[in-house]
Amino acid sequence: MGLTGLGVACIRALIGSEGWPGLVAYLAYPIGFIAVIIGRAQLFTENTLYPVVLVLEERRGLQRMLRLWAVVFVANVFGAWIFALLTAKTAAVQPDILSQLVKLGVTASGGTTMHIFWSGVIGGWLIALVAWTVTASHWTIGQLAVIYLLTLIVGIGRFAHCIASSCEILAAVEFGSMPALSFFRWLLPATLGNICGGVFIVSLLNYGQVRAS
């Protein structure tokens, strides 16, 4: 998922971040989601769809779903931290690109708790909607189009995503631009918002519609 912020940072380092160049930079934002979803890797916000629908359908497996959430969430955040260490503590990334990545992290962590929560609701809704619509497409090109368009809105709208945004914020933490406590203060409302957006807006409503038909 680090490819989301890294892609944006690379383009911003080349063409700038103000006005149209800033918008163009976000055209690279969906790359991380494409790599993860098409590559069939586990993404926490995708798991607010499939396991929830399974629990609703079979009326069992709630404990296993919560265990899956915990394992995938911890693994995703740990992966984001490893990405942050690689970018901020080594010479792997050019200084101008790292500077832009850190700026993305500082910006992403800003805002009140309620703003982060409701931003996370929209972010969770969009990513769960990606998972829902991808299953309806039988062709890879269709899946790519759905993933790209919906996650592009997440990036341009700067909606909170507990994993993608963690890569940027943790890079800022490891670089020394913000304290680690700020990351955890951001992570909690962002994660709760993602869960609410994915579970209630997509899983429950879409399941109810399909179930009723």
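Buried means under 20% relative accessible area. C167, at 3% relative accessibility, therefore counts as buried. The model discussed here is predicted. The protein chain holds 10 helices and zero strands. Of its 213 residues, 48% count as buried.

**Overall make-up**

- From the N terminus on, the elements of the protein chain run α-α-α-α-α-α-α-α-α-α.
- Take the contacts in the protein chain between residues at least 6 apart in sequence: 79% of them join residues at least 24 apart.
- The protein chain exposes about 10600 Å². Carbon and sulfur atoms supply 70% of that area.

**Helix α1**

- Helix α1 covers residues 2-15. At 1.5 Å a residue, its 14 residues should span 20 Å. The end C-alpha atoms of α1 are 20 Å apart, which agrees.
- The buried residues of α1 are G2, T4, G5, L6, G7, V8, A9 and R12.
- These buried residues pack against five helices, namely α2 (20-25), α3 (31-38), α5, α6 (95-108) and α9 (164-175).
- Just after α1, G16 takes a positive phi of about 100 degrees.

**Helix α9**

- At 1.5 Å a residue, the 12 residues of α9 should span 16 Å. The end C-alpha atoms of α9 are 17 Å apart, which agrees.
- In α9, 11 of the 12 residues are buried, so the helix is largely enclosed by the rest of the structure.
- The buried residues of α9 are A164, S165, S166, C167, E168, I169, L170, A171, A172, V173 and E174. Two glutamates, E168 and E174, are on that list.
- Just after α9, G176 takes a positive phi of about 95 degrees.

**Cysteines**

- The structure holds zero disulfides.
- C10 has a relative accessible area of 29%, so it is partly exposed.
- C167 is buried, at 3% relative accessibility.

**T87 in helix α5**

- T87 sits in helix α5, which covers residues 62-89.
- T87 has 2% relative accessibility, so it counts as buried.
- A polar atom of the T87 side chain lies 3.1 Å from the backbone oxygen of A84.
- Leaving aside neighbours within four places in sequence, T87 is in contact with V93, L98, L101 and A171. Of these, A171 is also one of the buried residues of α9.

**V130 in helix α7**

- V130 lies in helix α7, residues 113-136.
- V130 has a relative accessible area of 0%, so it is buried.
- Not counting residues up to four places away in sequence, V130 touches I37, V146, I147, L150 and T151.
- I37 and V130 are 93 residues apart along the chain. Their C-alpha atoms are separated by 9.3 Å.

**Aromatic pairs**

- Ring centres must lie within 6.5 Å to pair. By this rule the count comes to six aromatic pairs.
- One of them joins Y26 and Y29, at 6.1 Å centre to centre and 45 degrees between the planes, and is tilted.
- Both partners fall under the 20% cut-off. Y26 is buried, with a relative accessible area of 10%. Y29 counts as buried, at 3% relative accessibility.
- The rings of F78 and W81 have their centres 5.8 Å apart and their planes at 50 degrees, so this pair is tilted.
- F78 and W81 are three residues apart in helix α5, so about one helical turn separates them.
- W81 has 35% relative accessibility, so it counts as partly exposed.
- Y26, Y29 and F33 form one aromatic cluster.

- Most residues other than glycine have a negative phi.
- R158 is not a glycine, yet it has a positive phi of about 55 degrees.
- R158 lies in the loop between α8 (140-156) and α9.
- With a relative accessible area of 52%, R158 is exposed. The cut-off for exposed is over 50%.

Definitions and conventions: Residues are numbered from 1 along each chain as its sequence is written. This is a predicted model: local features need pLDDT of at least 70, side-chain atom pairs count only at pLDDT 80 or more; totals for chains, interfaces and linings use all residues. Side-chain values use heavy atoms; hydrogens and water are left out. Helices (H or I, at least four residues) and strands (E, at least two) are DSSP runs, numbered from the N terminus. Buried means under 20% relative accessible area, exposed over 50%, partly exposed in between (1.4 Å probe, protein chains only). A polar contact is a pair of N or O atoms within 3.5 Å; within protein, one must be able to donate a hydrogen and the other to accept it, and residues adjacent in sequence count only if both atoms are side-chain atoms. Contact means heavy atoms within 4.5 Å. The expected span of a helix is 1.5 Å times one less than its number of residues. A disulfide is a pair of cysteine sulfur atoms within 2.5 Å. Rings of Phe, Tyr and Trp (its six-membered ring) pair if their centres lie within 6.5 Å; planes under 30 degrees apart count as stacked, over 60 as edge-to-face and the rest as tilted. Accessible areas come from the Shrake-Rupley method with a 1.4 Å probe; for residues, only the protein chains shown count as cover.
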